[in-house]
Amino acid sequence: MIDRGHSPRDRALIVAAIGVAAVFWSQFIWVRATNFHGTDEWVFQWVSARGILGSPYSNRPFNFLWTIPGAHVGARGFAGFHAVHGLYLLGSALVTLALCHRLLPERPRLGFLIAVLAAVWAPSDYSRLATVQMTVNSGFTFGALIAIWLYVASWQRRSRLLLVLAAAWALLMVRGYEAVAPLIFAAPLLLVREWRAERRAAWIWLAAWAAAAVAAAAAVLPPLLHPDPRVAYQATLMQIDAHPARMAARLAQEYRSHLLPALTTSPTLLRTPAALISGVVFALAFLAVSRTSPSEAGSRRGLFVAAALGLALAACSYSAFLPSLVVEPGDRTEILAMPTIGLFLAAVIALLASPLPHRWRSLAMGMLAAWIVAVAAVRTVEFQRSWDGVSYYGRQMKLLGDLIGFAPRLRPHTLIVLVGDTAAFPATFAFRHAVECVYPGEITGVLASGPEALYVSRLTSSGIDTEPWPVLWKPWGVSPTHHRFDEMIVARARSDGTATLEESWPADLPPLPPGQSYDPRARILARDPS
């Protein structure tokens with residue numbers, strides 16, 4: 001009879017994939033869907049619900065490719081973003097495992113450790129728990145790793161069709177989020193060992209990847225070198241400082257933030273349910289992988305090369321963030337570098353265990369990795385506790401709930417002006433998109449004062465004019481608006497987080513011009529009986 005079942009190597013891969021997923025979910029279960037930075041979440045909900053792909057103010061025509069599913073998964077709200085963010089993080093780890101299966105077939109335990117660390121080890125990335133806003137980072141990390149896998153697979157199968165697909169997918173990912181470009185186009189480093197035997201074919205694969213890199217650079221770099229409205233985000237909000245010495249210092253800070261917590265975390269912090277649960281899950285998974293996998297093979301020299309490669313690829317992962325003065329080391333930068341730092345740490349663990357007798361080597365690798373997994377669990381829980389105290393979600397939902405309470409429905413073309421303590425919404429565009437998400441139809445909002453990125457409003461003698469940045473008009477389907485004073489309602493945000501309707505024109509706004517009227521009750525409709 002012909003055995004149509006899986007080979008032992010494939011069964012070991014399946015067991016490893018289940019183990020990676022189990023370790024990941026043992027930590028991600030502590031993460032909430034309500035971790036809001038306060039600015040971009042409602043924008044992401046708004047563009048995703050409308051299927052808008054592009055971010056025209058950052059030259060990213062496919063920026064929301066991975067964000068859009070979040071608005072269409074599960075019930076209305078933000079739980080869908082939480083789900084897809086988790087799936088992208090896990091997917092990145094599983095693609096990492098698949099890469100290790102191809103590139104390190106003689107080291108199945110090492111590949112498993114790399115994938116586990118790619119799933120959980122981001123000890124300083126506080127924003128990784130922002131499950132709405134970080135769908136861009138997690139989604140494009142997943143997509144970048146798929147591009148690298150396609151490239152590696154195309155070489156190993158000698159498939160030029162797959163190579164073309166890999167290059168096209170890589171360009172798509174870069175046009176959605178250019179930060180992934182350095183890591184994607186460093187993929188040939190993974191194949192140097194294999195290329196030595198077939199140098200002529202290798203030149204074809206290298207040339208194809210170089211051509212894709214040049215095409216990506218041609219699309220991304222010119223607007224950055226000569227800034228225009230298409231790169232307003234990078235040119236202004238990111239505060240670029242590309243001095244080589246200062247960038248090198250920031251790179252060193254990235255390494256410290258990503259690596260040192262593995263050494264500096266106190267063992268007393270690990271006496272928590274999260275650390276114990278994750279540690280036990282990892283131990284069981286590693287035991288299962290060890291029992292279903294053949295013995296490790298390969299030299300110590302290969303481990304040194306893997307560690308050095310991990311550090312080099314991590315630098316590629318960080319590199320797009322290094323010129324920015326706004327991005328804090330570790331924050332928002334570790335998601336893309338998780339697989340590469342995972343490669344470095346797993347190689348170091350294997351090196352530390354390598355002098356031991358063969359039967360103890362696997363145990364030592366498991367124990368060292370279990371420590372890092374436990375530290376990752378503790379850091380995740382600590383970050384979530386911090387988020388519980390600072391997230392904007394509760395404040396924003398309370399204020400919006402009060403708005404809906406006194407104005408369940410509004411006439412089309414109504415402008416909600418928020419005055420008072422508007423700190424729940426750090427920018428006008430956040431409040432505008434929140435209003436447009438909770439009120440269907442031609443209802444919008446503006447803060448009486450606050451940062452005005454994306455939309456600029458000004459008070460005139462006949463009302464309020466709002467002009468979106470021109471770069472947004474066609475791609476997002478928005479246009480300048482004018483609201484008369486009798487087409488507005490003014491809501492007052494109070495210091496206790498509540499909001500009330502201003503029945504008369506508030507004194508802390510400029511007085512109504514002669515001949516103008518304000519009648520908020522005329523704009524409010526009764527609740528829809530259906």
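User: What should I know about the model before reading its features?

Analyst: This is a predicted model, in which local features need pLDDT of at least 70 and side-chain atom pairs count only at pLDDT 80 or more, while totals for chains, interfaces and linings use all residues. Residues are numbered from 1 along each chain as its sequence is written, and side-chain values use heavy atoms, with hydrogens and water left out.

User: Which strands does β5 pair with, and in which sense?

Analyst: Strands (E, at least two residues) and helices (H or I, at least four) are DSSP runs numbered from the N terminus, and two strands pair if DSSP finds at least two bridges between them. Here β4 (residues 455–460) and β5 (residues 463–468) pair in the antiparallel sense over six bridges, forming a hairpin with two residues between them, and Tyr 455 stands opposite Pro 468 in β5. β5 also pairs in the antiparallel sense with β6 (residues 481–484), over four bridges, with Thr 466 opposite Thr 481 in β6.

User: How many cavities are there, and what lines the largest cavity?

Analyst: Rolling a probe the size of a water molecule over the atoms shows where empty space is left. On a 1 Å grid over the protein atoms alone, a cavity is a set of points where a 1.4 Å probe fits but cannot get out, and lining residues have an atom within 4 Å of a point; grid points are joined across faces, edges and corners, and a volume is the space filled by probe spheres set on the points. The count comes to six cavities of 30 Å³ or more, and the largest cavity has a volume of about 70 Å³. Its lining includes Phe 24, Phe 28, Ala 119 and Arg 128, and the elements that give two or more residues to this lining are α1 (8–28) and α4 (108–120). The largest share, three residues, comes from α1.

User: What is the volume of the second largest cavity, and which elements contribute to its lining?

Analyst: The second largest cavity has a volume of about 40 Å³, and Tyr 88, Ser 138 and Met 338 are among its lining residues. The elements giving two or more residues to that lining are α3 (79–103), α5 (135–157) and α15 (334–353).

User: How do α15 and α16 cross?

Analyst: Axes are lines fitted to C-alpha atoms, for helices over the stretch in contact, and angles run from 0 to 180 degrees between N-to-C directions. The axes of α15 and α16 (residues 358–390) come within 9 Å and cross at roughly 140 degrees, which makes α15 oblique to α16, since angles under 35 degrees count as roughly parallel, over 145 as roughly antiparallel, 65 to 115 as roughly perpendicular and the rest as oblique.

Key:
On a 1 Å grid over the protein atoms alone, a cavity is a set of points where a 1.4 Å probe fits but cannot get out, and a pocket is an open set with protein on both sides within 12 Å along at least five of seven lines; lining residues have an atom within 4 Å of a point.
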